[in-house]
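Here are my notes on the model, as numbered points. Keep the structure open beside them as you read.

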Amino acid sequence: MERDNDSTFSGFILLGFSNRPQLETALFGVILVIYLLSILGNGTIIFLSVVDPHLQTPMYFFLSNLSFMDLCGTTCTIPQTLINFKGKDKTITYGGCVSQLLIALGLGGMECVLLTVMAYDRYAAVCRPLHYMVIMHPQLCLQLVITAWITGFGNSVVHTALTMTLPLCGRNKLDHFFCEVPAIMKLACTDISINKAEVFAVSVFFLVVPLSLILVSYGHITLAILKIKSVQGRQKAFGICGSHLLVVIIFFSALISMYLQSPSSYSQDMNKSISFFYTLVTPLLNPLIYTLRNKEVKDALRRIFKRS
């Protein structure tokens, strides 16, 4: 980073909702509860996928990876947020900010790719059931997950480097509760047209393209499900696919609102609320949606409780 007017630059001040301390106090309890529930829910999904033979399928392999990513994503930002909300010290080191940005961007990009892969998995299961295990063989599943990791974090390295090398001219007060690209770009004391163009291009690649592929997949899936003669078969297919589609809608809606809308479209408090939603609430909703709407996961939980 260029430090033209601040050779002693050491970190950022995360303003959060510091102008409303009572709100921060209330949010501390809410965030802590949601964070712990998120750890419990996603941890349960990972545990069941590993120990229950009935769930050792491509779908649950991808789902357990999604849960692992959600655990990493929340743990990357939430503990620091809780510390800042509880105490008077609102600072985060430069290295801590880089780490937050690198991990959050990497996991966000990876999740976009993984949700697309999961849509393809559901397409293969519903539209090509007789060839499903041939198409989604273990080696391909592993390769797809590795591709998601490489794509997400490859973009993150470039994105983080471009953002964190912007000259800030001593400005270090981030009007946010964690380090995020739009908030850091607002501190820049130089022309950020290139950075804005890069954010838009990356957003199209990781949001618009995957979402389009997912919707095309679900168009084919819907047509295939409507051809199923068994009412029970249709309900099962809609239940499993509906869970994934609901997660997709929630996740992509939040990110598109954040990265593809004009910054002036929302107030800064609204931007914080959207960020709060996709960094904390979405990881909690994912395991709830998959467990409450999925008979296989419920059955796996019953088997675990019976053993104990």
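1. By class, five nonpolar, one polar and two charged residues make up the lining of the second largest cavity. Here Ala, Val, Leu, Ile, Met, Phe, Trp, Tyr, Cys and Pro count as nonpolar, Asp, Glu, Lys and Arg as charged, and the others, Gly among them, as polar. The lining residues are M59, F62, M118, D121, R122, I240, H244 and Y290. α2, α3 and α8 each give two or more residues to this lining, and the largest share, three residues, comes from α3. The space inside is about 50 Å³.

2. A word on what you are looking at. This is a predicted model, where local features need pLDDT of at least 70 and side-chain atom pairs count only at pLDDT 80 or more, while totals for chains, interfaces and linings use all residues. Residues are numbered from 1 along each chain as its sequence is written, and side-chain values use heavy atoms, with hydrogens and water left out.

3. How many cavities of 30 Å³ or more does a search of the whole structure find? There are two. A cavity is a set of points on a 1 Å grid over the protein atoms alone where a 1.4 Å probe fits but cannot get out, and lining residues have an atom within 4 Å of a point. Grid points are joined across faces, edges and corners, and a volume is the space filled by probe spheres set on the points.

4. Now the largest cavity, with a volume of about 500 Å³. Its lining has 31 residues, and A104, L105, G108, L255 and Y278 lie nearest the centre. The elements giving two or more residues to that lining are α2 (58-86), α3 (94-127), α5 (138-164), α7 (193-226), α8 (231-259) and α9 (268-292). Helices (H or I, at least four residues) and strands (E, at least two) are DSSP runs, numbered from the N terminus. α3 gives the most, with eight residues. By class, the lining splits into 18 nonpolar, ten polar and three charged residues.

5. On to charge pairs: the structure holds five salt bridges, each a side-chain nitrogen of Lys or Arg within 4 Å of a carboxyl oxygen of Asp or Glu. One of them joins K90 to E24, with the closest N and O atoms 2.8 Å apart. K90 sits in the loop between α2 and β2 (91-93) and E24 in helix α1, so this pair ties together parts that are 66 residues apart in sequence. K90 is buried at 13% relative accessible area, and E24 is buried too, at 4%. Buried means under 20% relative accessible area, exposed over 50%, and partly exposed in between (1.4 Å probe, protein chains only).

6. Another salt bridge pairs R303 with D52 (3.0 Å, N to O). R303 is in helix α10 (residues 295-307) and D52 in the loop between α1 and α2, 251 residues apart. R303 is partly exposed at 26%, whereas D52 is buried at 0%.

7. D299 and R302 also form a salt bridge, the closest N and O atoms being 2.7 Å apart. Both lie in helix α10, three residues apart, about one turn of the helix. R302 is partly exposed, with a relative accessible area of 47%.

8. Last, have a look at S49 in helix α1 (residues 21-51). S49 is buried, at 10% relative accessible area. Leaving aside neighbours within four places in sequence, S49 is in contact (heavy atoms within 4.5 Å) with L55, Q56, Y60 and S64.

How values were computed:
On a 1 Å grid over the protein atoms alone, a cavity is a set of points where a 1.4 Å probe fits but cannot get out, and a pocket is an open set with protein on both sides within 12 Å along at least five of seven lines; lining residues have an atom within 4 Å of a point.
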